[in-house]
Amino acid sequence: MNDAMLEARDIAYAYPGAGQVLEKVSAQIVPGSFLAILGVNGCGKSTLLSCLDDIIRPQRGTVTLSGEDITTYTRDERARKIALVAQHSHAHGVTVYDALLLGRKPYIQAAPRDEDFAIVDRVIDELGLGPLALRYIDELSGGEHQKVVIGRALVQETDVLLLDEPTNNLDMANQVEVMHLVRQAAHEQNIACAAVMHDLNLALRYCDRFCLLKDGKVRASGGSEVMTRETIEDVYGMSVDLVPYENGFLVVPTG
Amino acid sequence: MNPEDLRTAHAAHAPASYRDQYRGYTRYKRLVICALALVILALVVISIMLGTASLSPLDVIAALFGQGSEHDLIVVWNLRMPRILTAIIGGIALALAGCAFQSVLRNPLASASTLGISQGAAFGASIAIIVLGVGSSAAAYEGLGASNPYLTVLCAFLGAIASTLAILALSRFRDMTPESIVLAGVALSALFTGATALIQYFAQDTQVAAVVFWTFGDLGRASYREIVIMAVIATAALVFFYCNRWNYNAMESGEGTAHGLGLNVKRTRMLGMIVGAFAASSVIAFCGTINFIGLVAPHIMRRFIGNDYRYLLPASALAGAGILLLSDIIARMAIVGVVLPISAITSFVGAPLFLYLLMRGAHR
């Protein structure tokens with residue numbers, strides 16, 4: 001049972017020579033749920049994700065994984081706990097199988113073991129990547145490629161999955177498929193998932209929890225109840241309408 | 001059968017599991033590496049056979065096992081084998097360095113030449129020959145046979161390492177991106193080339209000729225002692241790079257992904273550049289400038305076996321050795337009694353081969 005919770009507590013970060021990007025930001029990524037990190041460009045979403053995965057270290061505050069400071073984990077230990085789907089992940093000249101097998105890197109000492117191959121085979125089946133297994137990454141469509149990148153993260157068998165704008169440059173069908181995959185990982189494999197996102201409606205449809213950032217601070221955080229018209233208008237600086245749709249609502253820009 | 005057909009064939013027959021298909025595919029890569037090793041073995045025999053004193057294959061094999069006439073033994077072990085070993089070790093070291101530079105800097109143009117390492121070595125050699133006086137006599141033409149044989153080598157090595165350290169210091173100081181590091185290398189290349197030209201402008205004709213001769217590159221300069229030094233450095237580099245094969249695979253997917261897979265990206269880049277620079281510098285210092293091997297050998301092999309560094313590193317090393325060995329045969333045999341500059345021949349051999357593969361559109 002995954003009880004690993006990734007938590008940022010009152011973190012602050014400023015890039016050298018630039019202003020404060022994050023100020024006293026707190027966020028929790030809990031097992032079995034899918035958190036959307038939302039806000040306008042430059043509000044600190046990706047910086048928060050980088051702090052959560054220890055790519056950069058906050059100048060104040062702490063990031064903990066299962067209660068332990070993230071900085072106390074070795075790199076391999078962290079990679080066995082947290083998988084990152086980066087915004088730019090374009091390997092060339094490797095097959096889909098190679099790309100997925102790379103996800104076992106934190107576990108591989110010298111050469112992959114049978115267990116590593118078995119996990120890759122399983123993920124290929126789960127994601128329906130069988131016909132593509134020996135295709136070169138370069139030959140795939142954007143949607144297929146993003147599935148492979150998420151597949152590699154799943155092959156890592158981590159408790160936490162962080163995604164930086166996973167639906168960027170994808171058509172509508174592929175956006176839906178990618179979001180469905182991540183939600184499935186959260187709900188069925190009890191993985192704690194968080195994604196930096198721009199599409200509010202996609203977030204509303206697939207995510208359970210929301211963290212809205214404004215000017216480096218958390219403007220609102222919680223379930224769908226925090227996604228009010230006032231909050232969205234304040235965060236994005238524009239007027240919107242909330243239109244009822246199925247069990248929720250859609251955000252429609254107005255004016 | 002090219003890799004495309006092979007992958008299609010494997011997919012069509014659909015063996016028991018994806019891993020079986022994958023293992024079939026990786027078997028092809030291992031076969032390519034074995035074939036390369038055999039080609040090099042054949043080139044070694046051909047290289048020993050050819051020359052002013054030509055030997056039959058049987059003479060060569062006998063001499064390799066210490067049998068045959070004293071004349072044959074001297075020709076094989078004293079005249080030809082040092083060149084051949086220098087070509088193999090030099091090719092391996094230059095190709096490995098190029099392969100590692102291209103990975104850690106994520107730039108297909110990265111090599112000892114584009115990073116200013118060759119130019120730094122040429123500047124160091126110029127200092128030794130012109131300023132420190134190694135080239136004040138005709139002995140300078142003979143490189144290691146000069147009165148102070150190791151001064152040129154030492155200065156060339158220091159020049160190459162100085163160039164590398166300057167790039168690394170800049171990258172660390174300003175936290176530069178891989179693209180900026182390559183651009184800094186280009187700038188340093190220009191700086192060293194300019195400085196070398198300036199020194200040559202004030203030198204005597206014989207000194208300038210000695211520097212030019214040094215930059216031509218010559219596989220015949222190194223004796224067994226120098227070959228052992230190069231072999232130790234090349235072997236250490238090979239072990240280091242092979243231990244990092246999974247790290248380089250991770251680097252290929254981008255810095256974010258590499259970090260997510262547990263890699264210390266900056267340290268991997270820094271160490272890869274230092275070890276690569278040492279490997280390339282040792283060869284350039286002993287043999288002079290040898291262009292193109294570090295750039296072209298990894299690219300040629302990428303087109304045959306893809307970008308998986310578990311296979312690309314050994315394949316590139318063997319390809320580098322093969323290209324340099326073939327170039328040396330051409331350099332010695334093209335005009336009877338004259339050994340052409342190896343640096344020019346490597347470009348003449350490597351460039352058309354590379355262009356052919358690009359034009360043919362062989363995969364990857």
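Predicted model: local features only at pLDDT ≥ 70, side-chain atom pairs only at ≥ 80, totals over all residues.
Hi everyone, thanks for coming.

Let me begin with strand β8 of chain A, residues 192–196. Is this strand buried or exposed? Here 5 of its 5 residues are buried, so β8(A) is largely enclosed by the rest of the structure. You can check that on each face. One side carries A:A192, A:A194 and A:V196, the other carries A:C193 and A:A195, and every one of these is buried.

Now, who are the partners of β8(A)? Strand β3 of chain A, residues 34–38, runs parallel to it and is joined to it by 4 bridges. If you want a place to look, find A:F34, which sits opposite A:C193. Strand β7 of chain A, residues 160–164, also pairs with β8(A) in the parallel sense, this time over 5 bridges. There, A:L163 has A:A195 as its bridge partner. Between β7(A) and β8(A) comes helix α6, residues 172–188, and together these elements make a right-handed β-α-β unit.

Let's move to the other sheet in chain A. This one is open and antiparallel, with 4 strands in the order β2-β1-β4-β5. The edges belong to β2 (20–29) and β5 (68–69), each of which has a single partner strand, so one side of each is left without a neighbour in the sheet. Further in, β1 (residues 6–14) and β4 (residues 60–65) pair over 5 bridges, and A:A8 stands opposite A:V63 in β4(A).

Finally, the interface. How many residues does each chain bring to the contact? Chain A brings 43 residues and chain B brings 35. The two chains bury about 3,100 Å² between them, with carbon and sulfur atoms giving 55% of that area. On the chain B side, keep an eye on B:Y18, B:W246 and B:L261: they supply 24% of the area that chain B buries against chain A, more than any other three residues.

As for the polar side of things, there are 14 residue pairs in polar contact across the interface, counting pairs with both residues at pLDDT 80 or more. The count of salt bridges between the chains is 3. One of them links B:R19 to A:D121, with the closest N and O atoms 3.5 Å apart. Helices α1, α2, α10 and α11 of chain B each supply at least two residues of the side that touches chain A, and α2(B) gives the largest share, 7 residues.

That's my tour, and I'm happy to take questions.

Key. Residues numbered from 1 in each chain as written. Chains lettered and ligands numbered in written order. Heavy atoms only, no water. Buried < 20%, exposed > 50% of the residue type's maximum accessible area, 1.4 Å probe, protein only. Pairing = 2+ DSSP bridges. Right-handed = clockwise from strand over helix to strand, strands pointing away. Contact = heavy atoms within 4.5 Å. Buried area = accessible area lost by both parts, 1.4 Å probe. Salt bridge = Lys/Arg side-chain N within 4 Å of Asp/Glu carboxyl O. Polar contact = N/O pair within 3.5 Å; in protein donor to acceptor, adjacent residues only side chain to side chain.
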